[in-house]
Amino acid sequence: SAAEKAGYKHFMQKEIFEQPRTVADTISGFSSQINEDLYNTVVNADRIYIIACGTSYHAGLVGKFWIEKFAKIPVEVDYASEYRYRDKIINDKTVIIGISQSGETADTRFALIDAQKEGAKTIGIVNVVGSSLSREADYTLYTYCGPEIGVAATKTFTAQLIVLLLFALELGLKKNTITKDLYEDLQQKILSIPSKIEKILLKEKSIKDIAYKYMNASDFLFLGRNINYPIALEGALKLKEISYIHAEGYPAGEMKHGPIALIDDKLPVVALAPMDKFYEKMISNIQEVKARKGKLIAVATEGDENIKELVDDIIYIPKTEDELYPILTVVPLQLLSYHIATLLGKDVDQPRNLAKTVTVE
Ligand code: G6P
């Protein structure tokens, strides 16, 4: 009903706008869920597998960067429907993290159950309290988002990122693979993420104008590097899911090995170009797109004037630490796909052929 949407047109829009609160709630709810037993299990792990589907899989790809960087534990990320049917290499030092908003996705659940039978320790990152995965996993870490109604995941994605990031930092502190100073500094910066998301949400009107400009494109390319590469994948997935426009996410450095052939004056290219240590490399990729007359939409850091000459449209996000950018860069992409889909008259909360929770294998 309209009341449930609290003044928003769709649940998806409401859920995008809830993110300052759901991120803050997930930050404050994190520490009470961890215990010595869980930490000891993971600190002694020789390898972590992150298993998930859809948007949760993209959160896992970002989580890999954080766990490897801060805790120095090798991480592999796999689609649950692929991991399940592979020959698993598991011992009692293997930890499996299953990420699932619903906690009911069949492939993710059964991948964890199978690995558990072979001796792995399992952790669920789950939004729905009491869901199957939360009961089946050895440990559960919750995201605190409340119900997510829109089929396309938004607020649960940013909350999953928060859980993975805080977990990686705790592991790093415990393992001594990061300094106490870095740990404390990042904790401070994480506390400012909700207000930074708030600032991005204030740009909705200008993002809608960009959506209007490109809504008739038949394909989109999303480019990112390093920790923002999974966000390019997520941006493309969101657009496909709700607008039915074909979109691909690609690591910007890999563009020259294929997708560059697609670029012409009709192709919108969304470039994630925050001011991090990959900025110069991203700018080179942007120049390569421009030279082939692609239409460029950049997600860039406030204060970056230089990029204006290179791109057609810019969505500015606040400055943060390199490692924290994915939690910000995804927000404009959620709004961009939301507005393209609604301008096209699509049913964003109930896109065709998709289900919120997939309990078939
Ligand atoms: C479905 C939904 C996606 C979701 C995926 C995984 O495909 O439409 O939005 O990302 O399932 O769901 P889960 O509940 O396991 O995170």
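Q: In this predicted model, which residues of α10 meet which residues of α14?
A: From α10 come Ile 193, Lys 196, Ile 197 and Ile 200. From α14 come Ile 327, Leu 328, Val 331 and Pro 332. Residues count as in contact when their C-beta atoms, placed from the backbone, lie within 7 Å.

Q: How many residues of each class does the contact of α10 with α14 have?
A: There are 7 nonpolar residues, no polar ones and 1 charged. Lys counts as charged, while Ile, Leu, Val and Pro count as nonpolar.

Q: Why are α10 and α14 called roughly parallel?
A: Helix α10 (residues 193–201) and helix α14 (residues 325–343) pack at an angle of about 25°. Angles under 35 degrees count as roughly parallel. The pair is therefore roughly parallel. The axes are 10 Å apart, and the crossing is right-handed.

Q: What makes α4 and α8 roughly parallel?
A: The axes of α4 and helix α8 (residues 155–175) cross at roughly 20°. The limit is again under 35 degrees, so α4 and α8 are roughly parallel to each other. Their axes come within 9 Å. The crossing of α4 and α8 is right-handed.

Q: Which residues make the contact between α4 and α8?
A: On α4 they include Thr 55, Ala 59, Trp 66 and Phe 70. On α8 they include Phe 157, Leu 161, Leu 165 and Lys 175. By class, the contact of α4 with α8 has 13 nonpolar, 5 polar and 1 charged residues.

Q: Which helix gives the most to the shell around the ligand?
A: Helix α4 (residues 54–71) does, with 3 residues. The ligand has 16 residues around it, and Gly 54, Thr 55, Ser 100, Ser 102 and Thr 105 come nearest. Being near requires a C-beta atom, placed from the backbone, within 6 Å.

Q: How do the residues of the shell around the ligand divide by class?
A: They divide into 6 nonpolar, 9 polar and 1 charged. Gly counts as polar in this scheme.

Q: What makes β7 and β10 edge strands?
A: The open sheet has 5 strands in the order β7-β6-β8-β9-β10, with parallel pairing. β7 (246–251) and β10 (313–317) each pair on one side only. Neighbouring strands of this sheet are turned by 15° against each other on average, direction ignored.

Q: What makes β1 and β3 a pair?
A: Strand β1 (residues 47–52) and strand β3 (residues 94–100) run parallel and share 6 bridges. The requirement is at least two, so β1 and β3 qualify with 6. Ile 51 stands opposite Gly 98 in β3.

Technical notes
Residues are numbered from 1 along each chain as its sequence is written. This is a predicted model: local features need pLDDT of at least 70, side-chain atom pairs count only at pLDDT 80 or more; totals for chains, interfaces and linings use all residues. Helices (H or I, at least four residues) and strands (E, at least two) are DSSP runs, numbered from the N terminus. Axes are lines fitted to C-alpha atoms, for helices over the stretch in contact, and angles run from 0 to 180 degrees between N-to-C directions. Angles under 35 degrees count as roughly parallel, over 145 as roughly antiparallel, 65 to 115 as roughly perpendicular and the rest as oblique. A crossing is left-handed if the near helix is turned anticlockwise from the far one by less than a right angle, and right-handed if clockwise. Two residues are in contact if their C-beta atoms, placed from the backbone, lie within 7 Å.
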